[in-house]
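Let's walk through a protein model together, one piece at a time. Have the 3D view ready and follow along.

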Amino acid sequence: MRADPAAQLRLLDLQALDTVLGQLAHRRREVPQVAELAALEVRAAELRDHEVAVRTAVSDLEREMTKAEADVAQVRDRITRDQGILDAGAVHSARQLEDLQREIDSLRRRVSDLEDAELEVMEKLEDAQARAAAATADVAAVAESRTAAERARDAAFADIDAEVARVEGERARVVPEIPADLLALYDRIRQTSGGLAAAALHRGRCQGCQLTLTPADLSRIRAEAVDEVVRCEECRRILVRTDESGL
Ligand SMILES: [Zn+2]
């Protein structure tokens with residue numbers, strides 16, 4: 001393949017721009033907030049699950065509380081009823097009076113036990129309510145962190161994208177100066193050589209694979225026409241001759 005030496009030199013400019021674009025794409029993938037957001041999303045899901053569990057515990061305890069209150073009220077009603085019978089003076093048998101009094105005493109002990117149980121449920125409920133409030137606050141805090149990280153990520157993306165647009169603009173000016181066949185060869189090599197397809201021959205060394213050419217290779221290149229497109233024998237990249245090639 002032949003190409004004007006000026007076009008070959010322009011290929012080095014194109015390579016430099018494509019290398020920068022590759023670095024920018026890498027930087028975009030490695031924006032720290034991307035990993036941070038992935039971690040925050042996992043954390044948010046965990047916290048939401050925890051919040052649901054705690055809220056469920058609260059409603060279970062609320063139901064338990066309602067039942068405990070009803071239990072106390074029911075026994076209290078019975079005491080009131082029994083006390084009413086006593087106070088009305090309708091029972092005259094000493095035996096019946098004694099039975100009634102014993103029942104009232106027993107019901108009072110029962111109320112006391114039920115109230116203890118009610119208090120215990122109330123303490124558990126208050127504890128669960130506090131945990132639920134904390135869980136809701138944690139969910140909100142993580143949501144806030146996510147918003148902040150998204151904002152920082154988008155700002156980083158915008159910076160990178162602006163730089164990409166600038167480099168692509170420059171690239172669009174360079175491309176027309178390179179013949180189509182040389183450009184096609186460049187694109188093909190780029191795909192198999194880690195993005196680096198064109199390298200300068202600098203002081204007898206290939207800037208692509210960093211190997212120093214043998215004297216035989218150098219004299220072969222020296223003998224080539226200036227518009228011949230030379231390839232590195234080692235890495236097969238396009239080797240561009242410059243004033244500093246050491247030929
Ligand atoms: Zn090479």
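The four donor atoms around the zinc ion subtend angles of 106 to 114 degrees, so their arrangement is tetrahedral (for four donors, that label requires all angles to lie between 85 and 135 degrees). Those donors are the SG atoms of C206, C209, C232 and C235, sitting 2.2 to 2.3 Å from the zinc ion. To count as a donor, an N, O or S atom has to be within 2.8 Å of the metal (3.2 Å for Na, K and Ca), and since water is not among the atoms, sites may look incomplete. Along the sequence, the donor residues follow the spacing C-x2-C-x22-C-x2-C.

A quick word on what you're looking at: this is a predicted model, where local features need pLDDT of at least 70, side-chain atom pairs count only at pLDDT 80 or more, and totals for chains, interfaces and linings use all residues. Residues are numbered from 1 along each chain as its sequence is written, and side-chain values use heavy atoms, leaving out hydrogens and water.

Is C232 buried or exposed? C232 counts as buried because its relative accessibility is 2%; the cut-off for buried is under 20% relative accessible area, with a 1.4 Å probe and protein chains only.

Four of its five residues are buried, so β1 is largely enclosed by the rest of the structure. β1 pairs with β4 (residues 238-241) in the parallel sense over four bridges; pairing takes at least two DSSP bridges between two strands. Within this pair, A200 has V240 as its bridge partner in β4.

Note on methods. Tetrahedral: all angles 85-135°; square planar, octahedral: opposite > 155°, others 65-115°. Buried < 20%, exposed > 50% of the residue type's maximum accessible area, 1.4 Å probe, protein only. Helix = DSSP H or I, 4+ residues; strand = E, 2+ residues; numbered from the N terminus.
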